[in-house]
Amino acid sequence: MPELPEVEALRVFLTEHLTGREIVRVLPVAISVLKTYDPPLTALEGHRVAGVHRHGKFLDVETAGGTHLVTHLARAGWLHWKDSLPSGMPRPGKGPLALRVALETGAGFDLTEAGTQKRLAVYVVADPQEVPGVARLGPDPLADDFDEARFAALLDGERRQLKGALRDQSLIAGVGNAYSDEILHAAKMSPFKLAASLTDEETARLYAALRGTLTEAVERSRGVAAGRLKAEKKSGLRVHGRAGEPCPVCGDTVREVSFSDSSLQYCPTCQTGGKPLADRRMSRLLK
């Protein structure tokens, strides 16, 4: 799933390629992705792009006409820029193409979604706050006013495990499964540690890991073309998606805990005092 660094990189890329350009056609190929109907998609057409914004993991294309095209790429969605869009109308079907946006220059972008779980979401609104997922977002962890004191206040009394707290978009916007693993590895903390149990020193360490990990990922993605961002993300991850590989910090084997629809990866030596975490799915298999 694209998270804050990749969506921020897309925002920068689209700011350069879209701002000042006129949208001439918006073509829905998979109607299921469209989550709003008033204003219609045609309200975007004939207007120039005034700016591109990011709200957590949401991408927001604002037009001079006052309408916003807000997109959440979900787990398997992606944006593909094309300097020259194919001629003719795209045909609805079983392919990954969900939405096409065409510019006056002949360039534009496609929104696609792989797999069978269709969660890609597109909204056309007058105000991004009309999108429920945007309205409930917590603060952006890279915002100038997101200091250590504000982070500590968010965690005060938070009784969930750190992994779940970091992924909660209403607590902190933009962090998902991959970067929560990376942040906790950088902070040398167990994903199962309770947020409310953190000492002041541990809170400071987690805050530094949060800001540092996301800032480094954004810097790595800066200037990378949209089509290469997924590969760039994977290459920069130290533990997420690397179960069975050596930890780049200590050399221990990266372990995994599996859940019904996701998994987490961690280093026992760096994060849990050398003790493997219980993997309930594996425990059931071994019975």
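Select R25 and E45. They form a salt bridge, with the closest N and O atoms 3.9 Å apart; the term means a side-chain nitrogen of Lys or Arg within 4 Å of a carboxyl oxygen of Asp or Glu. The pair links distant parts of the chain, 20 residues apart: R25 sits in strand β1 (residues 22–28), E45 in the loop between β1 and β2 (47–55). Helices (H or I, at least four residues) and strands (E, at least two) are DSSP runs, numbered from the N terminus.

Colour by accessibility. R25 counts as partly exposed at 39% relative accessibility, and E45 counts as partly exposed at 22%. Buried means under 20% relative accessible area, exposed over 50%, partly exposed in between (1.4 Å probe, protein chains only).

This is a predicted model: local features need pLDDT of at least 70, side-chain atom pairs count only at pLDDT 80 or more, and totals for chains, interfaces and linings use all residues. Residues are numbered from 1 along each chain as its sequence is written, and side-chain values use heavy atoms, leaving out hydrogens and water.

Next, select E8 and R11. Their side chains meet in a salt bridge of 2.8 Å, N to O. Both lie in helix α1 (residues 4–18), 3 residues apart, about one turn of the helix. E8 is buried at 14% relative accessibility; R11 is partly exposed at 22%.

Move to E158 and R160. Their salt bridge spans 2.6 Å, N to O. E158 is buried, at 14%, while R160 is partly exposed, at 33%. The whole structure has 16 salt bridges.

Now the rings. Select F146, F151 and Y207, which ring pairs link into a cluster. The structure holds 4 aromatic pairs; Phe, Tyr and Trp rings (for Trp, the six-membered one) pair if their centres lie within 6.5 Å.

Finish at the pockets. A pocket is an open set of points on a 1 Å grid over the protein atoms alone, where a 1.4 Å probe fits, with protein on both sides within 12 Å along at least five of seven lines; lining residues have an atom within 4 Å of a point. Of its 38 lining residues, M1, K57, R167, G176 and N177 are the closest to its centre. Elements that each supply at least two lining residues include α4 (162–167) and α5 (177–187).

The second largest pocket holds about 160 Å³ of space. Of its 14 lining residues, select A30, G93, G95, P96 and L97, the closest to its centre.

Definitions and conventions. Rings of Phe, Tyr and Trp (its six-membered ring) pair if their centres lie within 6.5 Å; planes under 30 degrees apart count as stacked, over 60 as edge-to-face and the rest as tilted. Grid points are joined across faces, edges and corners, and a volume is the space filled by probe spheres set on the points.
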